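Reader: I am new to reading structures. Could you take me closely through one part, and then show me how other parts compare in the way they are described?

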Amino acid sequence: MAFSTSPDSGSAIRPYRPDDGPWVRELIDADRLPGQPHCTAQKLAAAQHGALSSAGWVIPVWPQISVLADAEDRPCGIIGYLSWTDVDTGLICWVHAREDGPALGALLGQALAALAHCPRIDAFAGASPGLLGPGGLPRTHRGATHDTLVQYGFTGLRSGRYLHRGLPAEAPPAKLVADVFPCDVPPGHRLIIREAAEPIAEAVVSAEADRTATVHWIETLPTHRRRGLGRKLLAQALALLAEQGATEVALVLDDAQQPASESQAATRLFHSFGFTHVDQLWTYQHRRPRAPRPGT
């Protein structure tokens, strides 16, 4: 791929190289939220070999990664994007440039040009915190990225809220109401409450080596709600994370499409456990007339 000129003299957009890793991890961590896992070499490598769906499953598609390099060829911005051969939808997975507007514009322009054959492009349509982001764009913390997306024709929509709380060094013991099993995707543990051998409530959590933790999922069957199962399950999950050494935990409350009553109930539950609101998470969409695919 040929270099393309960026707004700053001497800088250019080029493909990502393996030796960019340390610089890129710094760029990604500069945008991290409280409780969000740090970017490691392993997470960056995993992100290069698949994208997360909104359900948290890895889609085995290799994203195109472009770097905005300064005059000394050091990365000062990065963007990951992809498209599928059989679906006319593109995806901008992540973009980081220390909230520098011109740099963000150069990177988005590069992605839009590469995805010119896609009549629809989604951006920041992710899952719960992990890999390289919190599962959406933090609207307040990353205002420059939001403004640049809008400038380039994207329409934003609130998708959820990012919540966070600290964990005590010695968490009070919780009543053991759930069976606990190892979980591969995402790596962590699944807690299941059963009644007559049937699962009626479930949570999925994980703890990282950097002592951050994530509640990926917690749900009670509608027919078994208002019995305090969610509270018991969350208490056991948080105690488990504390036992594993986590000192802070985050979760994404996907309440944008929920009925108001369910959203309010979930908010009361998490607030009662000390979770506080950090930011709104937004997803974005860009639509334009269909264009021919490259090479056609």
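Author: Gly230, Arg231 and Leu234 of α5 meet Leu269, Phe270 and Ser272 of α6. This is a predicted model. By class, that contact has three nonpolar, two polar and one charged residues.

Now the geometry. Two packed helices are described by the angle between their axes and the distance between those axes. Helix α5 covers residues 229-243, and helix α6 covers residues 260-272. They pack at an angle of about 40°, with their axes 11 Å apart. Angles under 35 degrees would count as roughly parallel. The pair α5 and α6 is therefore oblique. The crossing of α5 past α6 is right-handed.

Next, a loop residue. Leu167 sits in the loop between β10 (155-166) and β11 (179-183). Is Leu167 buried or exposed? Its relative accessibility is 10%, so Leu167 counts as buried. What does Leu167 touch, beyond its neighbours within four places in sequence? Its contacts are Leu238, Leu241, Ala242, Ala246, Thr247, Glu248 and Val249. Sequence distance and spatial distance are separate matters. Leu167 and Gly274 lie 107 residues apart in sequence, yet their C-alpha atoms are 9.4 Å apart in space.

Helix α3 runs over residues 101-114, and helix α4 over residues 143-151. Their packing angle is about 45°, and their axes are 9 Å apart. So α3 and α4 are oblique to each other. Here α3 passes α4 in a right-handed crossing. On the α3 side, the contact is made by Gly101, Leu104, Gly105 and Leu108. On the α4 side, Ala144, Thr145, Thr148 and Leu149 take part. Sorted by class, this contact of α3 with α4 has four nonpolar, four polar and no charged residues.

One more residue belongs here. Arg142 is placed in the loop between β9 (137-138) and α4. How accessible is Arg142? Its relative accessible area is 3%, so Arg142 is buried. Leaving out residues up to four places away in sequence, Arg142 touches Asp31, Val95, His96, Glu99, Phe124 and Leu137. Look at Val95 again. The side chain of Arg142 reaches the backbone oxygen of Val95 at 2.5 Å. Finally, take Arg98. Arg142 and Arg98 are 44 residues apart in sequence, and 9.0 Å apart in space from C-alpha to C-alpha.

Conventions:
Residues numbered from 1 in each chain as written. Predicted model: local features only at pLDDT ≥ 70, side-chain atom pairs only at ≥ 80, totals over all residues. Heavy atoms only, no water. Axes fitted to C-alpha atoms, helices over the stretch in contact; angles between N-to-C directions. Helix = DSSP H or I, 4+ residues; strand = E, 2+ residues; numbered from the N terminus. Parallel < 35°, antiparallel > 145°, perpendicular 65-115°, else oblique. Left-handed = near helix turned anticlockwise from the far one by under 90°. Contact = heavy atoms within 4.5 Å. Nonpolar A, V, L, I, M, F, W, Y, C, P; charged D, E, K, R; others polar. Buried < 20%, exposed > 50% of the residue type's maximum accessible area, 1.4 Å probe, protein only. Polar contact = N/O pair within 3.5 Å; in protein donor to acceptor, adjacent residues only side chain to side chain.
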